[in-house]
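Here's a quick briefing to read with the model open beside you. It goes through charges, helices, strands and rings in turn.

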Amino acid sequence: MRIVIKEPNEKPRSTFVPRGGSQLHILQNLVGGYIEVYPIRDDLLLIIDEEGKLKGKLMNFSIPNDYIAGTAIFAGKDGEDFTDCPYTVGEIEEIIEGLDV
C-alpha cells in the first residue's frame with residue numbers, strides 16, 4: 001500500500017507498506033504508538049500516534065485549533081480498510097497547508 005509519511009521538520013515522502021495482517025503493526029511502528037485515524041477527505045485518512053502529545057513528540061503541523069504531534073501518515077480508505085494514498089506528495093503538502101486555518 002502506498003502511503004505518504006510526514007515527519008516533524010521534514011518534507012512529506014511517499015513509501016510503501018505491505019498489505020495484509022501485519023499492516024496495523026507496521027503503521028503503529030511508523031507513528032510510534034497506537035494509531036488514531038482522522039478522515040481528512042472522503043478518500044483520505046490521517047493516521048497518527050493517539051498519545052503523541054502526551055509523549056512529548058515534536059509538533060508536525062497545525063490543524064484548526066490544534067496541532068499534530070509526531071509522525072503523520074496519509075492513506076486512502078476503502079470502506080473500513082486502508083488503501084493506497086490517492087494523492088501525490090505535492091498534493092499532500094497543499095492539503096497540509098490548507099489544514100492550517
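**Charged pairs, helices and strands**

Lys11 is exposed, with a relative accessible area of 63%. Keep in mind that this is a predicted model. Lys11 makes a salt bridge with Glu93, at 3.8 Å from N to O, and that pair is a handy way into the rest of the structure.

**Salt bridges**

- The count of salt bridges comes to five, and the one between Lys11 and Glu93 is among them.
- Lys11 sits in the loop between β1 (2–6) and β2 (13–16) while Glu93 belongs to helix α2 (residues 89–99), so their pairing ties together parts that are 82 residues apart in sequence.
- From Asp49 to Lys55 the N to O distance is 2.9 Å, and for Asp49 with Lys57 the closest N and O atoms are 2.8 Å apart.
- Is Asp49 buried or exposed? Asp49 counts as buried, at 3% relative accessibility.

**A charge over a ring**

- Lys53 has its charged end sitting over the ring of Tyr67, 4.9 Å from the ring's centre.

**Helix α2 and its two sides**

- Which residues of α2 are buried? They are Ile92, Ile95, Ile96 and Leu99.
- Looking down the axis of α2, the buried residues fall within an arc of 100°, so they line one face of the helix.
- As a reminder, an α-helix has 3.6 residues a turn, so residues three or four places apart point the same way.
- What do the buried residues of α2 pack against? Their partners are β1, β3 (35–41), β4 (44–49), β5 (59–63) and β7 (72–78).
- Turned away from the buried side of α2 is a face that carries the exposed residues Glu94 and Glu97.

- Gln23 lies in helix α1 (residues 23–31) and is buried, with a relative accessible area of 11%.
- Neighbours within four places in sequence aside, Gln23 is in contact with Met1, Val17, Pro18 and Phe82.
- Gly21 is in the loop between β2 and α1 and is exposed, at 76% relative accessible area.
- From Gly21 to Glu94 it is 73 residues in sequence and 32 Å in space, C-alpha to C-alpha.

**Strand β1 through Ile3**

- Ile3 is found in strand β1, and with a relative accessible area of 0% this residue is buried.
- Leaving out neighbours within four places in sequence, the contacts of Ile3 include Arg13, Ser14, Thr15 and Val17.
- Leu30, Ile73, Phe74, Ala75 and Cys85 are also among the residues in contact with Ile3.
- Ile3 and Phe61 are 18 Å apart in space, C-alpha to C-alpha, and 58 residues apart in sequence.

**Strand β7 and its partners**

- β7 is mostly covered, with five of its seven residues buried.
- β1 and β7 run antiparallel and are joined by three bridges; Lys6 stands opposite Ala72 in β7.
- How many bridges join β4 to β7? There are four, and these strands run antiparallel.
- Leu44 has Gly76 in β7 as its bridge partner.
- β7 also runs antiparallel to strand β8 (residues 81–83), with three bridges between them, and Asp78 stands opposite Asp81 in β8.
- β7 and β8 form a hairpin with two residues between them, and Gly79 in the turn has a positive phi of about 65°.

**The aromatic pair**

- The count of aromatic pairs comes to one.
- In that pair, the ring centres of Phe61 and Phe74 are 6.2 Å apart and the planes are at 25°; planes under 30 degrees apart count as stacked, so this pair is stacked.
- Phe61 is in strand β5 and Phe74 in strand β7, 13 residues apart, and the pair links distant parts of the chain.
- Phe61 and Phe74 are both buried.

Note on methods
Residues numbered from 1 in each chain as written. Predicted model: local features only at pLDDT ≥ 70, side-chain atom pairs only at ≥ 80, totals over all residues. Heavy atoms only, no water. Salt bridge = Lys/Arg side-chain N within 4 Å of Asp/Glu carboxyl O. Buried < 20%, exposed > 50% of the residue type's maximum accessible area, 1.4 Å probe, protein only. Contact = heavy atoms within 4.5 Å. Arc of directions from axis to C-beta. Phe/Tyr/Trp six-rings, centres within 6.5 Å; stacked < 30°, edge-to-face > 60°. Lys NZ or Arg CZ within 6 Å of the ring centre and 35° of its normal. Pairing = 2+ DSSP bridges.
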